[in-house]
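Thanks for coming. Please have a look at the next slide before I start talking.

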Amino acid sequence: MTVVRSAERLRAAEEVVAQLRSGLDTVSVTLPSLRVDVVSLASEAPYPLVDLGRCNLDTALRLAAVLQGLEK
């Protein structure tokens with residue numbers, strides 16, 4: 001039963017990553033390292049983490065500008 005739950009959690013995490021990538025694409029922001037963190041899947045009852053990764057300064061500035069625009 002744990003395997004099914006683990007697979008479901010992984011699918012859910014992969015879907016969230018896809019949604020984030022799609023949403024960021026619509027505002028011209030690309031996080032090259034956006035992915036499911038595979039290390040978080042190693043435990044017996046995995047709770048997948050989404051790794052937003054690293055980005056350069058230009059990308060960080062674009063992301064900050066987009067987020068600030070959403071606050072208004």
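This is a predicted model: local features need pLDDT of at least 70, side-chain atom pairs count only at pLDDT 80 or more; totals for chains, interfaces and linings use all residues.

Residues are numbered from 1 along each chain as its sequence is written, and side-chain values use heavy atoms, with hydrogens and water left out.

How many salt bridges does the structure hold? There are 2. By salt bridge I mean a side-chain nitrogen of Lys or Arg within 4 Å of a carboxyl oxygen of Asp or Glu. One joins Arg35 to Asp37, with the closest N and O atoms 3.9 Å apart. The other joins Asp51 to Arg35, and there the closest N and O atoms are 3.1 Å apart. Strands here are DSSP runs of E, at least two residues long, and helices are runs of H or I, at least four, both numbered from the N terminus. Together, Arg35, Asp37 and Asp51 form a network of salt bridges.

Is Asp37 buried or exposed? Asp37 counts as buried because its relative accessibility is 17%. The cut-offs are under 20% relative accessible area for buried, over 50% for exposed, and partly exposed in between, using a 1.4 Å probe and protein chains only. Arg35 is partly exposed, at 36%, and so is Asp51, at 25%.

Now the core. The largest nonpolar core has 7 residues: Ala13, Val17, Leu24, Val29, Leu31, Leu34 and Val36. Helix α1, residues 2-26, supplies the largest share of this core, 3 residues. A nonpolar core is a set of buried Ala, Val, Leu, Ile, Met, Phe, Trp, Tyr and Cys residues joined through side-chain atoms within 4.5 Å. In soluble globular proteins, nonpolar side chains tend to be buried together.

Leaving aside neighbours within four places in sequence, Ala13 is in contact, meaning heavy atoms within 4.5 Å, with Val36, Pro48 and Val50. Thr59 lies in helix α2, residues 57-71, and counts as buried because its relative accessibility is 7%.

Last, the surface side. Val50 belongs to strand β2, residues 49-51, and counts as partly exposed because its relative accessibility is 32%. That is all from me.
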